[in-house]
Structure formats: structure tokens, C-alpha cells
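Please view the structure before reading on.

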Amino acid sequence: MRLVLMGPPGAGKGTQAKFVSEALNIPHISTGEIFRKNVTEGTELGVKAKEYMDKGEYVPDEVTNSMVAARLAEPDAKNGFLLDGYPRTLPQVSELDAILDGLDTKLDNCVEITANTDEVVQRLLKRAELEGRPDDTEEVIRNRMVVYARETEPLAAVYEEHGILLKVDGMGEVDEVTQRLLAALGH
Ligand code: ADP
């Protein structure tokens with residue numbers, strides 16, 4: 001199964017992606033995690049990405065696109081994957097289609113986790129206390145929500161038009177949401 005998981009910051013995308021990818025036995029590919037790993041390791045990609053991430057802005061498409069193309073060409077992604085955090089812009093949607101075209105395959109579904117804005121801001125502030133992610137300050141969180149609404153939310157309509165959008169309510173207990181996601185995917 002080839003899946004995209006989208007949803008606003010704090011909707012629980014990363015948490016759910018782990019459970020769903022395990023249940024479906026497909027690799028979980030998180031662009032945010034790949035960027036953070038590169039930042040920690042101080043790679044050239046990490047230095048470039050950090051500039052944007054620290055402000056809650058998106059990393060430029062050309063940087064992100066080539067990173068994803070390389071990751072999807074790895075053997076473990078051959079029979080399926082769960083993309084978490086990509087695509088996030090309209091050009092990334094086209095790029096993903098082109099990458100998959102080149103691999104002679106296509107996306108099965110895009111799952112959108114929906115969430116209540118006030119609740120997700122609270123969740124993110126709590127995560128900031130627990131994990132100390134540098135982009136979890138209130139000001140940066142607000143900016144990430146604005147950027148999401150402007151750049152990423154419109155992608156749901158595109159996938160809806162393609163007839164592959166599934167919407168799942170992300171509010172409630174973690175395992176409740178996991179069950180909803182798996183049910184939406186027919187499991
Ligand atoms: P969240 O969804 O909680 O905001 P992620 O871990 O998915 O966080 O991403 C963290 C940051 O990494 C984003 O705010 C952005 O700067 C960068 N990033 C991740 N994925 C992409 C992408 N597809 N395009 C551009 N930037 C991205």
C-alpha cells in the first residue's frame with residue numbers, strides 16, 4: 001500500500017504513522033524526521049533545512065523533493081510506504097506523481113487527519129515541555145499552523161478530486177484514532 005498521511009501540526013500524524021506503518025508492514029517515511037536527523041548530524045542538508053525549520057517555514061521544494069526521490073528509490077519502499085509530511089505543497093504533489101510514475105506505480109490513498117486548532121496548539125505546547133523541539137515555541141507553532149492552512153490544506157481537495165482522499169477524525173485517544181485510520185484503510 002502506498003499512502004500519504006496529512007494533517008495539521010499537532011494532529012498526531014507522526015504518532016499515528018508509526019502504528020499504521022507497523023500494522024500494514026510498510027516503511028514510515030517522515031520528512032520532518034529525516035530533516036531533524038540531518039540537523040543533529042550537521043550535514044549540509046541539515047544546515048540548509050534548519051534555517052527554515054527554526055522559523056516554522058517549509059524547506060524549499062527542490063531540497064525536499066530530491067531527498068524524497070532518493071528515499072523512495074530505496075528497496076524497502078518498493079512494495080509500499082507511508083509518507084508522513086510529504087507532499088506539503090502543490091509542486092510537491094506533482095513531484096510525487098512524477099517520482100511514482102518513474103517507478104511505474106501510483107499512490108493508493110491520501111489520509112487526512114482532521115483536528116481542532118485550539119486542541120492541537122495545546123498538544124504542541126505540551127510536547128514542547130516534554131521533548132524540547134526547537135520549533136515548538138508558541139510563536140513558531142502559530143506560524144506552522146498558518147503555513148499549513150495556506151500551503152498544505154489545499155492539497156486535500158486535489159486528492160479528493162483524484163478520488164483517493166480519506167478523512168479521519170484525529171480527536172480522541174491515540175488507539176481510537178489508530179483504529180479509525182485502519183478501518184478507513186479497510187483493515
Ligand atoms: P509537524 O507536522 O509537527 O509540523 P514535521 O516533523 O512533519 O512537523 O516537520 C517539521 C519541519 O520540517 C516543518 O515545519 C518544515 O520546516 C520541515 N518539513 C518537513 N516536511 C517538509 C516538506 N514536505 N516540505 C518542506 N518542508 C518540510
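At what angle do the axes of helix α1 and helix α9 cross? In this predicted model, the axes of α1 (residues 13–24) and α9 (residues 174–184) cross at roughly 50 degrees and come within 10 Å.

## The helix pair

Two packed helices are described by the angle between their axes and the distance between the axes. Angles under 35 degrees count as roughly parallel and 65 to 115 as roughly perpendicular; α1 and α9 are therefore oblique to each other. The crossing of α1 past α9 is right-handed.

On the α1 side, T15, Q16, F19, V20, A23 and L24 make the contact. On the α9 side, the residues are V174, V177, T178, L181 and L182. Sorted by class, this contact has eight nonpolar residues, three polar ones and no charged ones.

## The order of helices and strands

The protein chain has nine helices and five strands. Along the sequence, their pattern is β-α-β-α-α-α-β-α-β-α-α-α-β-α.

## The whole chain

The C-alpha trace of the protein chain spans about 40 × 40 × 30 Å along its principal axes. A compact globule of 187 residues would have a radius of gyration near 16 Å, and the protein chain agrees with this because its own value is 16 Å.

Of the 187 residues in the protein chain, 46% are buried. Among contacts with a separation of 6 or more, 73% are between residues 24 or more positions apart.

Note on methods
Residues numbered from 1 in each chain as written. Predicted model: local features only at pLDDT ≥ 70, side-chain atom pairs only at ≥ 80, totals over all residues. Heavy atoms only, no water. Axes fitted to C-alpha atoms, helices over the stretch in contact; angles between N-to-C directions. Helix = DSSP H or I, 4+ residues; strand = E, 2+ residues; numbered from the N terminus. Parallel < 35°, antiparallel > 145°, perpendicular 65-115°, else oblique. Left-handed = near helix turned anticlockwise from the far one by under 90°. Contact = heavy atoms within 4.5 Å. Nonpolar A, V, L, I, M, F, W, Y, C, P; charged D, E, K, R; others polar. Rg over C-alpha atoms; globule rule 2.2 N^0.38 Å. Buried < 20%, exposed > 50% of the residue type's maximum accessible area, 1.4 Å probe, protein only.
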